[in-house]
Amino acid sequence: MSLVDPGTLWWNKYGIRRAGAWACWVLAVVAAFVGSWITWVGDATPLPLPMWVELTGSIIPLPLLLLGEFLWIIGTGRGDFDIRAIFMPIAAYFAALGLGGVLGRYQSSEQIEVTYAVFALGGLLALVIIEILVRRHRSAEALRTWVERNGTVTTGRVTRARTYSSNYRPMTRVTVKFVDSEARERWASQSVPGEFSTNSRLQVRYSQADLGRRAAVLITRR
């Protein structure tokens, strides 16, 4: 037992751990860029860098990435976890590695290798794709929450059903037909806990204004 609240110790504070994670990631990306660049630019630099800079840039990025991931995980509450923290530093590392190699070979007047160009473009593209996917996921979650609380409620009929087991519990993948508030027939598919068959009746909640999106419909047991 301790007379001091562990949560008041600076190394146990979530903000300090997250700041440490960001510091590790930034250092890892910078080191990867410098290490890749100096490997190829060589004596073409106005001020040649010592060998330890190249070795440091080649060795420490990956350990720093892993340390950053660890600090972020232990510095994040259950509801604050962001999937970008796992994949974006890795994508930035490859982008820095590729950009450093491309710049170094360009400055040394050597032909740019396809590998470095792929790393650079692939890493940058991955950063953009990850951000788009995360934003779409968050938007879908927000819409799903709104539908659950405020959506229009109706009853749908199961037109297709496939039962399976998940964690030893029965689940049914159903396609439900329902009529929206504009009297148009709609179909939606979703997995629902329990066993259901064709022509079963299920409750449907939906947002009329967003029916073009999958998250706008929520199928539940009545």
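This is a predicted model: local features need pLDDT of at least 70, side-chain atom pairs count only at pLDDT 80 or more; totals for chains, interfaces and linings use all residues.
A pocket, as the term is used here, is an open set of grid points with protein on both sides within 12 Å along at least five of seven lines, and its lining residues have an atom within 4 Å of a point. H4 contributes the most, with five residues. By class, nine of the lining residues are nonpolar and two are charged, while none is polar. The space in this second pocket comes to about 180 Å³.

The protein chain holds five helices and five strands, and along the sequence they follow the pattern α-α-α-α-α-β-β-β-β-β. Of the 222 residues in the chain, 35% are buried. Among contacts with a separation of 6 or more, 60% join residues 24 or more positions apart.

H4 has 24 residues and spans 33 Å from its first C-alpha to its last, close to the 34 Å expected at 1.5 Å a residue. After H4 comes serine 109, which has a positive phi near 60 degrees. Arginine 84 counts as buried because its relative accessibility is 17%, below the 20% cut-off. The arginine 84 side chain makes a polar contact of 2.9 Å with the side chain of glutamate 131. Beyond residues up to four places away in sequence, arginine 84 touches Pro89, Ile130, Glu131, Val134 and Arg138.

Several of these partners lead on to helix H5, which covers residues 114-150. H5 has 37 residues and reaches 53 Å from its first C-alpha to its last, close to the expected 54 Å. The buried residues of H5 are Tyr116, Ala120, Gly123, Ile130, Glu131, Val134, Ala140, Leu143 and Val147.

Serine 36 is buried, because its relative accessible area is 6% and the cut-off is 20%. Its side chain reaches the backbone oxygen of leucine 97 at 2.7 Å. The serine 36 side chain also reaches the backbone nitrogen of glycine 101, at 2.9 Å. Leaving aside neighbours within four places in sequence, serine 36 is in contact with Leu97, Gly100, Gly101 and Tyr116.

The largest pocket brings the strands into the picture. About 240 Å³ of space lies in the largest pocket. Its lining has 13 residues, and those closest to the centre are Ala188, Ser189, Arg213, Arg214 and Val217. Strand S2 (169-179), strand S3 (185-193) and strand S5 (217-220) each give two or more residues to the lining of the largest pocket. S3 supplies the largest share, five residues. Here the lining divides into six nonpolar, two polar and five charged residues.

Notes: Residues are numbered from 1 along each chain as its sequence is written. Side-chain values use heavy atoms; hydrogens and water are left out. On a 1 Å grid over the protein atoms alone, a cavity is a set of points where a 1.4 Å probe fits but cannot get out, and a pocket is an open set with protein on both sides within 12 Å along at least five of seven lines; lining residues have an atom within 4 Å of a point. Grid points are joined across faces, edges and corners, and a volume is the space filled by probe spheres set on the points. Helices (H or I, at least four residues) and strands (E, at least two) are DSSP runs, numbered from the N terminus. Ala, Val, Leu, Ile, Met, Phe, Trp, Tyr, Cys and Pro count as nonpolar, Asp, Glu, Lys and Arg as charged, and the others, Gly among them, as polar. Buried means under 20% relative accessible area, exposed over 50%, partly exposed in between (1.4 Å probe, protein chains only). A polar contact is a pair of N or O atoms within 3.5 Å; within protein, one must be able to donate a hydrogen and the other to accept it, and residues adjacent in sequence count only if both atoms are side-chain atoms. Contact means heavy atoms within 4.5 Å. The expected span of a helix is 1.5 Å times one less than its number of residues.
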